[in-house]
Amino acid sequence: MQMGNKVFVFTQQDFQKCFVVNLNPPLGQGHDARVYLAMHKKTGEMFALKVLTNLSQDHIINLQRTKYKYLSALIIQEQFY
């Protein structure tokens with residue numbers, strides 16, 4: 001697991017070791033994703049897990065751009081606060 005600017009990045013192995021996901025029923029779903037309830041095994045913290053289902057190459061590029069913009073905004077925000 002890596003942590004930076006309150007964004008967590010997990011390998012699949014780390015995720016399976018640390019979290020429990022309730023797959024039935026999903027909390028919600030859209031055109032290209034489903035949202036499930038997940039819980040951290042040690043802390044009991046609950047959160048929503050978004051699972052992308054229909055990924056085209058264009059979609060992946062767009063997600064990378066969005067992630068870059070989000071992380072850039074966090075870095076700028078931290079510089080001023």
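Strands are DSSP runs of E with at least two residues, numbered from the N terminus. In this predicted model, Val 20 lies in strand β3, which covers residues 19-22.

**Strands β5 and β6**
- Strand β5 spans residues 33-40 and strand β6 spans residues 46-52; the two pair in the antiparallel sense, with seven bridges.
- Within this pairing, Arg 34 is placed opposite Val 51 of β6.
- A hairpin is formed by β5 and β6, with five residues between the strands.
- In the turn of this hairpin, Gly 44 has a positive phi of about 80 degrees.

- The model contains one aromatic pair.
- The ring centres of Phe 19 and Phe 47 are 5.3 Å apart and the ring planes lie at 85 degrees, so the pair is classed as edge-to-face.
- The pair links distant parts of the chain, since Phe 19 belongs to strand β3 and Phe 47 to strand β6, 28 residues apart.
- Phe 19 counts as buried because its relative accessibility is 9%, where buried means under 20%.
- Phe 47, at 26% relative accessibility, counts as partly exposed.

**Nonpolar surface patch**
- Val 20, Leu 27, Leu 37, Met 39 and Met 46 make up a nonpolar patch on the surface.
- Together these residues have about 410 Å² of accessible area.
- Val 20, one of the patch residues, has a relative accessible area of 40% and is therefore partly exposed.

Methods. Residues are numbered from 1 along each chain as its sequence is written. This is a predicted model: local features need pLDDT of at least 70, side-chain atom pairs count only at pLDDT 80 or more; totals for chains, interfaces and linings use all residues. Side-chain values use heavy atoms; hydrogens and water are left out. Patches are made of residues with over 30% relative accessible area and no salt bridge: like charges are joined within 9 Å, nonpolar side chains (Val, Leu, Ile, Met, Phe, Trp, Tyr) within 5 Å. Accessible areas come from the Shrake-Rupley method with a 1.4 Å probe; for residues, only the protein chains shown count as cover. A salt bridge is a side-chain nitrogen of Lys or Arg within 4 Å of a carboxyl oxygen of Asp or Glu. Helices (H or I, at least four residues) and strands (E, at least two) are DSSP runs, numbered from the N terminus. Buried means under 20% relative accessible area, exposed over 50%, partly exposed in between (1.4 Å probe, protein chains only). Two strands pair if DSSP finds at least two bridges between them. Rings of Phe, Tyr and Trp (its six-membered ring) pair if their centres lie within 6.5 Å; planes under 30 degrees apart count as stacked, over 60 as edge-to-face and the rest as tilted.
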